[in-house]
Each structure stands twice: as C-alpha cells, then as structure tokens.
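Keep the sequence alongside the model as you read.

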Amino acid sequence: MIAGICATCGLPKEICVCEDLGRETTQLSVEMDTRRYGKAVTVVRGLESKPDEAEKLARELKKGLATGGSGKQGVIVLQGDHRKDVVRLLQQKGYNVR
Ligand SMILES: [Zn+2]
C-alpha cells in the first residue's frame, strides 16, 4: 500500500470518502454497564471488525466528553454514563446508532 493513497479506491486520502461511506453502514450500539465497584461505564459496540477505527473514535469521544476510557478489540469503553452525549456525537460523525 502506498502511503497517503487509499487502498480501497486508489484516491489520495485527503479526498477519499471510503471511511465516511463505511460509517453509514456501520451499526453501533451504545449501552451502559457497570464495572468494578459498581462504577458506570458507557460501552460502544459494533466496531469489532475495525479495531483501528475504534481506537481513533475512542480518542475523539474521550476528548469530546472529557472523560477516560479505551478502545480495545473494537469495543469502546468510556468512564461514566454518557449514553446521550455519545449517541449525539456518533450521529454527528455520521454513524448509525441504535
Ligand atoms: Zn478510499
């Protein structure tokens, strides 16, 4: 793969829309879960086949919500119950959220 060129469409990454198109068909789910000591976490699933995207998205969500979290193995876990804000942020980015 040539750096800066999309492997899917062959266009320069700056004008490639493959990632954006992929988002529309990516179905994400946002749920609350409780972890150790009964602490609430917000879990985003649906990117298990795209762990790189999950990591990138986890960073963006952590920044947007000013909270901690991780995006490992395609599952994003954010500290605290941020379901409403996470759904809104994901929809703004063009993801399908159920
Ligand atoms: Zn592309």
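Start with strand E4 (residues 75–79), where the side chains alternate. Ile76 and Leu78 point to one face and are buried, a term for residues with 20 or more other C-beta atoms within 10 Å of their own, C-beta atoms being placed from the backbone. Helices (H or I, at least four residues) and strands (E, at least two) are DSSP runs, numbered from the N terminus.

This is a predicted model: local features need pLDDT of at least 70, side-chain atom pairs count only at pLDDT 80 or more, and totals for chains, interfaces and linings use all residues. Residues are numbered from 1 along each chain as its sequence is written.

Now the neighbours of E4. Strands pair if DSSP finds at least two bridges between them. Strand E3 (residues 69–72) runs antiparallel to E4, joined by 4 bridges. Lys72 stands opposite Val75 in E4. E3 and E4 form a hairpin with 2 residues between them. In that turn, Gln73 has a positive phi of about 50°.

E2 is also joined to E4 by 4 bridges, again antiparallel. Here Val43 stands opposite Val77 in E4.

Move on to E1 (residues 27–34). With E2 (residues 40–45), E1 runs antiparallel through 6 bridges. Asp33 faces Val41 in E2 as its opposite residue. The hairpin of E1 and E2 has 5 residues between the strands, and Tyr37 takes a positive phi near 60° there. E1 also pairs with E5 (residues 96–97), in parallel, by 2 bridges. Gln27 stands opposite Asn96 in E5.

What does helix H2 pack against? First, its geometry. H2 (residues 51–65) has 15 residues and reaches 21 Å from its first C-alpha to its last. That is close to the expected 21 Å, the span being 1.5 Å times one less than the number of residues. The buried residues of H2 are Ala54, Leu57, Ala58 and Leu61. Seen down the axis of H2, they fall within an arc of 110°, so they line one face of the helix; the arc is that of the directions from the helix axis to the C-beta atoms. Asp52 and Lys63, on the other side of H2, are exposed, with 12 or fewer such C-beta neighbours.

The buried residues of H2 pack against E3, E4 and helix H3 (83–92), contact meaning C-beta atoms, placed from the backbone, within 7 Å. Just after H2, Ala66 takes a positive phi of about 55°.

Notes
Two residues are in contact if their C-beta atoms, placed from the backbone, lie within 7 Å.
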